[in-house]
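This report covers helix packing and aromatic contacts. The structure comes first, and the text follows.

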Amino acid sequence: MKSQPCSLTSCRAGAIAAALAALSLWGCGSAPPPAAATMQGVPAPSAAQDAPAMQGMPPAGAAVSPPVAVPVPPPPQAAAPAPAAAPERVPARDAKRDFTAEMAGRGLDPSEVARLLDQARYSETVARLVLPPSSPTVRSWPRYRSRFIESRRIKEGLAFQEEHAQTLARAEDRYGVPASIIVSVIGVETFYGRVTGNFRVIDALSTLAFNYPPQARSDRSAFFREQLAQFLVWCKETGSDPLAVKGSYAGAMGLPQFMPGSLRKFAVDGDGDGRIDLAGSPADAILSVAHFLVEHGWQRGQPVFLPINLPADPAGLVDGGLKPTLSWAQLQAAGARAQKVAGMSEEWRDWPLAVIDLYDGATGTTEYRVAAPNFFALTEYNRSYFYAASVTDLAVELERRNRVASRIRVGQLNTPVDR
């Protein structure tokens with residue numbers, strides 16, 4: 001990344017080293033890799049806190065707010081208001097007929113669309129996976145975090161970062177998104193391309209477009225019909241066989257798990273071969289992740305979290321939203337105090353900020369952090385505090401291990417044998 005003179009995020013050996021020395025946020029869990037994190041761009045089914053992973057270490061020198069673990073009672077179980085009458089669902093046969101006719105306006109042959117839909121298969125597995133679990137589990141930030149901040153994902157992330165160092169440097173230079181953030185997103189989404197999904201995308205999208213489970217809390221069939229339309233247009237544009245493309249149970253594709261609409265809008269030809277292949281080209285995936293984040297608000301040279309000591313009980317500062325709405329003056333008035341970190345400017349005091357809560361139902365405690373605007377660029381990828389904080393923590397760990405590895409290599413080069 002281009003150097004930033006004495007900015008909040010400049011000097012790898014300065015601000016970030018001091019922040020990480022002062023704070024103990026970056027533990028490493030140990031759990032087997034979970035199934036692919038999918039559904040980038042899909043509206044979250046629940047609160048921003050812990051939506052399942054769907055579609056990052058701050059930039060060099062970034063600092064983080066110290067965690068504040070506060071005992072809190074579980075969220076109150078308020079009586080739910082009477083639900084509004086749901087709109088009557090259009091029968092699947094009629095919805096398909098209308099969809100097929102509408103595709104003519106997107107340059108597709110309705111008869112060809114009808115033929116493809118006739119060959120798409122309804123998937124009971126897809127319909128089940130899109131629903132919340134039948135037996136709700138206790139929300140747990142430590143448990144969620146340990147799925148991604150674990151030894152194998154860190155080790156393979158370092159290998160991925162080394163193998164694609166030149167491409168990552170190019171993406172960082174062009175978009176201002178740190179290499180570690182890009183690697184972490186791909187690592188959380190698909191374990192660096194190991195798990196990208198085995199569902200035929202046309203089956204997944206047509207199931208959710210025309211047979212969205214009626215027992216779901218809300219009907220998202222319109223969203224998936226649009227994604228199906230985008231998918232079919234993309235197939236025509238790229239010459240892809242709609243019956244052969246594989247992806248997640250929600251229709252997300254490739255190393256970064258882009259939904260079809262995001263693929264068409266934000267994907268980038270990273271290797272210069274004249275085509276975009278998010279499944280087979282790591283360069284395309286790397287540049288596309290960076291482009292997506294920038295288009296959703298990522299700011300070059302800014303951190304994800306800030307080193308701010310919060311008051312003893314910061315719960316009242318959390319609004320649970322997906323935009324930063326607090327000023328530094330408001331945080332100060334509530335009792336927050338900024339830490340002194342060498343090399344940091346104070347430009348962040350003019351940014352909109354937010355306090356996020358990471359709840360652990362197992363212990364009844366909540367970890368609080370002060371999030372900068374870049375945190376909310378990550379929540380555009382997946383509308384979950386847990387997700388964005390995990391991406392950040394994994395990226396921080398990759399940065400920390402890279403610094404250690406660099407020191408080891410330098411030491412080896414100076415041994416008598418090497419000389």
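The charged end of which residue sits over the ring of Tyr-144? Arg-147 does, with its charged end 5.4 Å from the ring centre. A charge sits over a ring if NZ of Lys or CZ of Arg is within 6 Å of the ring centre and within 35 degrees of the ring normal. Arg-369 is placed in this way over Phe-305, as the table lists.

| Charged residue | Ring | Distance to ring centre |
|---|---|---|
| Arg-147 | Tyr-144 | 5.4 Å |
| Arg-369 | Phe-305 | 4.8 Å |

The model is predicted: local features need pLDDT of at least 70, side-chain atom pairs count only at pLDDT 80 or more, and totals for chains, interfaces and linings use all residues. Residues are numbered from 1 along each chain as its sequence is written, and side-chain values use heavy atoms, leaving out hydrogens and water.

The count of aromatic pairs is 18, where rings of Phe, Tyr and Trp (its six-membered ring) pair if their centres lie within 6.5 Å. Phe-258, Phe-266, Phe-292, Tyr-381 and Tyr-387 are linked into a cluster by ring pairs.

Helices here are DSSP runs (H or I, at least four residues) numbered from the N terminus. Axes are lines fitted to C-alpha atoms over the stretch in contact, and angles run from 0 to 180 degrees between N-to-C directions.

Helix H7 (residues 165-175) and helix H8 (residues 179-190) have axes that come within 9 Å and cross at roughly 115°. H7 and H8 are therefore roughly perpendicular to each other (65 to 115 degrees). Their contact (heavy atoms within 4.5 Å) involves Leu-168, Ala-171 and Glu-172 of H7 and Ala-179, Ile-182 and Val-183 of H8. Five of these residues are nonpolar, none is polar and one is charged.

Helix H9 (residues 201-210) packs against helix H10 (residues 221-238) at about 145°, with the axes 7 Å apart. Among the contact residues are Leu-205 and Phe-210 of H9 and Phe-224 and Arg-225 of H10. The contact of H9 with H10 divides into 10 nonpolar residues, three polar and one charged. In both contacts, Ala, Val, Leu, Ile, Met, Phe, Trp, Tyr, Cys and Pro count as nonpolar, Asp, Glu, Lys and Arg as charged, and the others, Gly among them, as polar.

How values were computed: Helix = DSSP H or I, 4+ residues; strand = E, 2+ residues; numbered from the N terminus. Parallel < 35°, antiparallel > 145°, perpendicular 65-115°, else oblique. Phe/Tyr/Trp six-rings, centres within 6.5 Å; stacked < 30°, edge-to-face > 60°.
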